[in-house]
There are 2 protein chains.
Amino acid sequence: MCSLSAVLFLGEAEGGKILVFPVDGSHWVNMNLLIQSLHSRGHEVTVVRTATSWYVKEHAPHYRSLTVALPSAISIEQEDFFVTFLVKMLAIHKEGATLSGFVKFYWEMLGTLSNIHRQASLLAVEMFENKTLMQSIRDTQFDVVLLDPGLPVGVLVAHELKLPTVFNVRWITSGEGHFVVAPSPTSYVPMSGYAVSDKMTFGQRVKNTFQYFLNTCIDRFIVCPHYDRLVDRYFGPDVKFYDLLQGADIWLMRVDFVFEFPRPTMPNIAYIGGFQSTPSKPLSSELEEFVQSSGEHGFILMSLGTLVNGLPEEITSEIAAAFAQLPQKVIWRHAMKPPKNVGNNTLLVKWMPQNDLLGHPKIKAFVAHGGTNGIYESMYHGVPIIGIPLLFDQFENVLRLEERGAAKAVDATQLTRQSFLEAIQEVLHNPSYGTNMKRLSALHRDKPMHPLETALYWVEFVMRHKGASHLRTESYRMPWYAFYSVDVVCFLIAVVLTLTAVVVGSIRFLCLRLCGRRKTKKE
Amino acid sequence: MCSLSAVLFLGEAEGGKILVFPVDGSHWVNMNLLIQSLHSRGHEVTVVRTATSWYVKEHAPHYRSLTVALPSAISIEQEDFFVTFLVKMLAIHKEGATLSGFVKFYWEMLGTLSNIHRQASLLAVEMFENKTLMQSIRDTQFDVVLLDPGLPVGVLVAHELKLPTVFNVRWITSGEGHFVVAPSPTSYVPMSGYAVSDKMTFGQRVKNTFQYFLNTCIDRFIVCPHYDRLVDRYFGPDVKFYDLLQGADIWLMRVDFVFEFPRPTMPNIAYIGGFQSTPSKPLSSELEEFVQSSGEHGFILMSLGTLVNGLPEEITSEIAAAFAQLPQKVIWRHAMKPPKNVGNNTLLVKWMPQNDLLGHPKIKAFVAHGGTNGIYESMYHGVPIIGIPLLFDQFENVLRLEERGAAKAVDATQLTRQSFLEAIQEVLHNPSYGTNMKRLSALHRDKPMHPLETALYWVEFVMRHKGASHLRTESYRMPWYAFYSVDVVCFLIAVVLTLTAVVVGSIRFLCLRLCGRRKTKKE
């Protein structure tokens, strides 16, 4: 129903000034697209980056950058940070579901999380302490701060500058964005970090509640303290970091309910899931020739996105062996030393036009790690997925498509050529995977507006009206006991108990008086 | 940003078949507009009406009607039903906030509510028992049932026909629509029937919680039993009426958060508040002449909507006297015997082009009862309101605008010419009312799509995809104890208690053993 050309539907925009705090890596891919569109609509975009940034370039035609040099390099912005992390996690996973594995997993995960946010908070300090930089930002008179709150430094800067904020968000501090801003009943909303459907058994609901407490603890004791310290230092004790996070004007949520389970939401959330998807363009002649050579069997695509170097050789050689047995052609994005047993049908490439390949009529399936960029592109083009989730939300992402019958998951730590081959063949030969993904694609494309247009609309709305406070509940400013009605419930219980006590007391008193009288009479 | 002409933005529609269950009176006004637009997009619309309907005509160019003759006339569909009810309620209100007044109020209100739903359920019986009618509906092969669930007969018919449903809704059974489908924390969501802002004191939160229980009781014990009986009779014991209500595919909510307090919502709610608003057209030459004669003072509009005959003469004569003292001209929609003291500046009319008058540059204020149609029109044109709320939601509606500084409320039961004059003069001479309403107007008009277009889009979406189940949580199918996690909480408390008991027991046992040994040693 909607296409990118519909962006023309938006009226002319008055050029505004936008200060952007992106998150590096795969998050940057979609933030960059949004920035390009904002730039092409006449806005002036300034991107804050660190000197060691992995993806965010210093010079680009569509933005001006503000490069902050940090005393020590931020390791999370270096390419191998997550790959190193992944290798450790795979090793732990391989141990199986033991208590020691569980402890190691959380120890490693929480350590990394704390490290990431500690480093991000250093960026904030560096900015706040650089009076010249802050003054120059102030002098620019920005209209809005656009940020990915996965690393919420921009929230602090926006508060300092008294500017409205727009989040381009799926993950925030330690969980999925909704959990910070919308009610999330544990009975039917699966918590971040727990790959389960929205129809849970009793045991799963218990585990989901446990996960809720765990996530809350991680948020409050591991992540937020890094920023709380800064808030306390720069804004004083009356300001709470969590309130700043909840006070964003508009949440551009990179979610579509064709993919996500339906759950409560809020009026200031606009859904832009799949805003990066565009119709495919023709392939290069070499790629087109390779793809056409697949004949009626078609071809398969494999990519692990920014974790392209993440799998150890013992796994990639199993994958290569399985691919070699297929009549299909395979295009595999692979940047390390190629496995020795790569089949003749398999083309290894360092980079590929993923969206154009996913939109090619000969494609049969997509082998992916389950990052959301890839999932939304695949959903847009209706290509079923063989998922090899590796880290973070990838397990939950693949599960969501499995629940809709549009994907099959493979456990990377247990992967053998046989199990992997079976998974691919099931997706290729059971037509339900393709049919289901095509149904999701039809629903995903059927929107009143293209999600990118929605994103642009709301960024400009916030600039036009200097915020969108009428869409934002300020209930988060209430004390927790009032927010959760604990005081009201206690009061009502006290009233009921008092009334009961009065009634019971009166009856006892009357009985005693009556008995007393009878006794006196008898005597 | 958006205008009705944008409806052209929607692609061509394949003509579908729509079965409509409207609610009579003011609700019909906006349902009719939606039907007209659906008809003009090539859909075939069939409206179910009763033979005694007040507003819904048997013949119209844009729909076919299915007239159901009832054994006894449905009194709620007769024009004086609500006026009679209003007169009784005004008399009760006048008594003031006494216990007897409170009891009388609820007695009268609940009696009327039960009567309305009893009569509506008779319509359902009449339809289900008329096998010929039901067969002819089945034969038509409708694509969707569109209904106003204020009277939810269409929900039952849709279930019988296995058709997807779209609600055009603000009120449902006994409360505002959100309360049936979205989480509604009592700490910051004012309950229907309690005119309070979303920033409540402790006392107000206690009262709000009480109102929540009251509304739940009214829903479960006064309203739903009428339909539960039918559901039991026609669909068997496994189907619950409330589940059918919660199972609607799309909720077209006649709400805009420029007006409503921000609150949790759901993915299958589309907001269409103010979808009836259009730019004003030129007035007739007579009206234009009258309006122009107001000179620099401008004019005031007064209308009580479908309660046009609702005010007793002792009140209307006070209003007339106050109007007579103004330098402004007044246009007053008045259908009864005119008050004797109508001033020369006041024009009484039986009907008026309200939207065109509200959009006239000379208008200064709108005296309204606070029905939502009028409020949204006034908000669209940026005209501040003097509210005389009379019944139902009108008190809450006016309060919402008062909270935004765009309206002033007057208590009809305490109205004197002096107090009314003061209220008008405050709105006329304090510029904040106009400024605030203009700000609301700017926000209200700034939407990615015109709300009417949104409504059309989602009706057609449901027809295209035979429902919208991916946007609907089915958590309502859970047993209540699971939905509210009561079982999980009990289980977790039991685990904690057991663990505590084991630990305490072990420590006691150890202590006893130790003490025992010492004793033995000593001996």
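Reader: Is B:Glu318 buried or exposed?

Author: This is a predicted model, in which local features need pLDDT of at least 70, side-chain atom pairs count only at pLDDT 80 or more, and totals for chains, interfaces and linings use all residues. Residues are numbered from 1 along each chain as its sequence is written, chains are lettered from A and ligands numbered from 1 in the order in which they are written, and side-chain values use heavy atoms, with hydrogens and water left out. Buried means under 20% relative accessible area, exposed over 50%, and partly exposed in between (1.4 Å probe, protein chains only). B:Glu318 has a relative accessibility of 18%, so the residue counts as buried.

Reader: With which residue does the side chain of B:Glu318 meet in a salt bridge?

Author: A salt bridge is a side-chain nitrogen of Lys or Arg within 4 Å of a carboxyl oxygen of Asp or Glu. The N to O distance for the pair that includes B:Glu318 is 3.2 Å, and the partner is B:Arg417. The pair links distant parts of the chain, 99 residues apart, with B:Glu318 in helix H10 (residues 313-324) and B:Arg417 in helix H14 (residues 417-429) of chain B; helices (H or I, at least four residues) and strands (E, at least two) are DSSP runs, numbered from the N terminus. The partly exposed member, with a relative accessible area of 36%, is B:Arg417.

Reader: How far apart in sequence are the parts that A:Asp393 and A:Arg170 tie together?

Author: The side chains of A:Asp393 and A:Arg170 form a salt bridge of 2.9 Å, N to O. A:Asp393 lies in the loop between strand S14 (385-387) and helix H13 (394-403) of chain A, and A:Arg170 in the loop between strand S5 (165-169) and strand S6 (171-172), so the parts they tie together are 223 residues apart in sequence.

Reader: How many salt bridges are counted between chain B and chain A?

Author: Over all chains the count comes to 32 salt bridges. One that joins the two chains pairs A:Arg205 with B:Asp487 at 2.6 Å, N to O. Between chain B and chain A the count is four.

Reader: What area is buried between chain B and chain A?

Author: The contact (heavy atoms within 4.5 Å) takes 44 residues from chain B and 44 residues from chain A. Buried area is the accessible area (1.4 Å probe) that two parts lose on being put together, summed over both. Carbon and sulfur atoms give 71% of a total of about 4200 Å².

Reader: What is the relation between the two copies?

Author: Copies are superposed by least squares on the C-alpha atoms of residues with pLDDT of at least 70 in both. Chain B can be laid on chain A with an RMSD of 0.1 Å by a turn of 180° and a shift of 0.1 Å along the axis. That is the relation of a two-fold axis.

Reader: Through what surface do the copies meet?

Author: Of the interface residues of chain B, 100% are also interface residues in chain A. The copies therefore meet through the same surface.

Reader: Which residues does B:Glu460 touch, not counting residues up to four places away in sequence?

Author: B:Glu460 is found in helix H16 of chain B and, at 5% relative accessibility, counts as buried. Leaving out residues up to four places away in sequence, B:Glu460 touches B:Ala13, B:Arg41 and B:His43.
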